[in-house]
Amino acid sequence: MNFLDEVITKLLDKRLLVNFTVESIYFIIKVIICVFLYYTVIKTIKKITPLFSLKKKKEEIVVDKSLKSFIRSILNIGLHALLITICLLIMGVKESSLLAFFGTMGIGVGLALKDNLSNFAGGIIILIFKVYKVGDEVNIDEEEGYIYDIDIFSTTLRAHNNDLIVIPNGIIISNKIINYTKTPTRRLKFIIGIAYDADIDVARKALEEMLRSNPLVLKDPDVYSHVESYGDSSINIALKGWTTNDHYWTVYKQTLNNIKKALDGVNVEIPFPQMDLSIKNPKIDINLKKD
């Protein structure tokens with residue numbers, strides 16, 4: 001019996017065919033179980049989340065959007081990793097092989113994502129210390145806007161022009177953060193330049209009355225102004241007042257529209273940058289006069 005005949009004989013062996021058929025059926029059943037388990041668990045988790053918390057005042061269930069988005073990111077990664085591991089065990093992969101694989105992969109991923117670990121830690125710090133939450137108006141790393149989403153590695157900021165800005169959490173916790181929503185009121189400040197020959201007191205009075213006449217500006221603390229600096233072409237006056245966070249941008253835009261009208265009403269000029277030239281060479285001076 002040659003080699004080819006022996007191979008054909010082995011392939012046609014009934015016991016081998018039966019074993020192969022049984023193993024194939026077992027394999028198909030395991031695959032079906034894994035697919036069913038994966039689909040069922042994912043669907044169940046989606047129904048359970050978002051997380052709910054009890055609001056004591058109104059006694060109703062409300063969603064903490066900040067916690068929801070962060071937990072959703074963790075569950076999404078952790079759940080898929082857990083389900084894949086369970087499916088591999090069901091398929092017959094040995095535990096020792098899995099441990100070795102995940103150990104090696106963990107070292108590689110840890111080295112590759114060492115910067116992202118700081119972002120992950122930053123996300124936890126943000127949630128624990130409640131630096132901000134979804135919907136807060138903030139200034140982060142010189143970017144202003146409203147918190148749109150808090151992810152496991154980053155925070156998404158919706159700017160005032162509706163742009164979505166993604167900032168890594170690691171950068172956020174190592175930089176200055178201004179949360180305007182934390183306080184109910186917010187100060188307005190405008191720098192207005194007036195000409196050097198203008199009456200400072202008249203200009204200040206006109207600006208203060210203009211801002212004070214806005215019903216959205218708070219009476220206490222009162223509106224006030226002062227000379228901020230002396231520039232190259234103007235005397236810069238700082239006009240300050242207070243309003244609520246909800247009305248800040250409304251008052252800000254209204255005031256910008258009214259500043260020139262207020263100064264025009266008292267004949268105070270807003271100068272533009274200019275330069276005086278003094279010519280010392282008489283020949284050049286004569287030529288200029290002739291022209």
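Visitor: How far from the ring centre of Y248 does R186 lie over its face?
Guide: This is a predicted model, in which local features need pLDDT of at least 70 and side-chain atom pairs count only at pLDDT 80 or more, while totals for chains, interfaces and linings use all residues. Residues are numbered from 1 along each chain as its sequence is written, and side-chain values use heavy atoms, with hydrogens and water left out. A charge sits over a ring if NZ of Lys or CZ of Arg is within 6 Å of the ring centre and within 35 degrees of the ring normal. For R186 over the face of Y248, the distance from the ring centre is 3.8 Å.

Visitor: Over the ring of which other residue does the charged end of R186 sit, 3.6 Å from its centre?
Guide: R186 lies over the face of Y248. The charged end of R186 also sits, 3.6 Å from the centre, over the ring of Y180.

Visitor: Is Y248 buried or exposed?
Guide: Buried means under 20% relative accessible area, exposed over 50%, and partly exposed in between (1.4 Å probe, protein chains only). Y248 has 9% relative accessibility, so it counts as buried.

Visitor: What kind of aromatic pair do Y248 and W249 form?
Guide: Rings of Phe, Tyr and Trp (its six-membered ring) pair if their centres lie within 6.5 Å; planes under 30 degrees apart count as stacked, over 60 as edge-to-face and the rest as tilted. The structure holds five such pairs. With 5.0 Å centre to centre and 85° between the planes, Y248 and W249 are edge-to-face.

Visitor: In which helix do W249 and Y252 both lie?
Guide: Their ring centres are 5.5 Å apart with planes at 75°, so this pair is edge-to-face. Helices (H or I, at least four residues) and strands (E, at least two) are DSSP runs, numbered from the N terminus. W249 and Y252 are three residues apart, about one turn, within residues 248-264, which form helix α8.

Visitor: Which strands stand at the edges of the open sheet of five strands?
Guide: Two strands pair if DSSP finds at least two bridges between them. The order is β6-β5-β4-β3-β7, with antiparallel pairing. Two strands each have a single partner, so one side of each is left without a neighbour in the sheet: β6 (164-168) and β7 (177-179).

Visitor: Which residue of β7 does N139 stand opposite?
Guide: Strand β3 (residues 137-140) pairs with β7 in the antiparallel sense over three bridges. In β7, the residue opposite N139 is I178.
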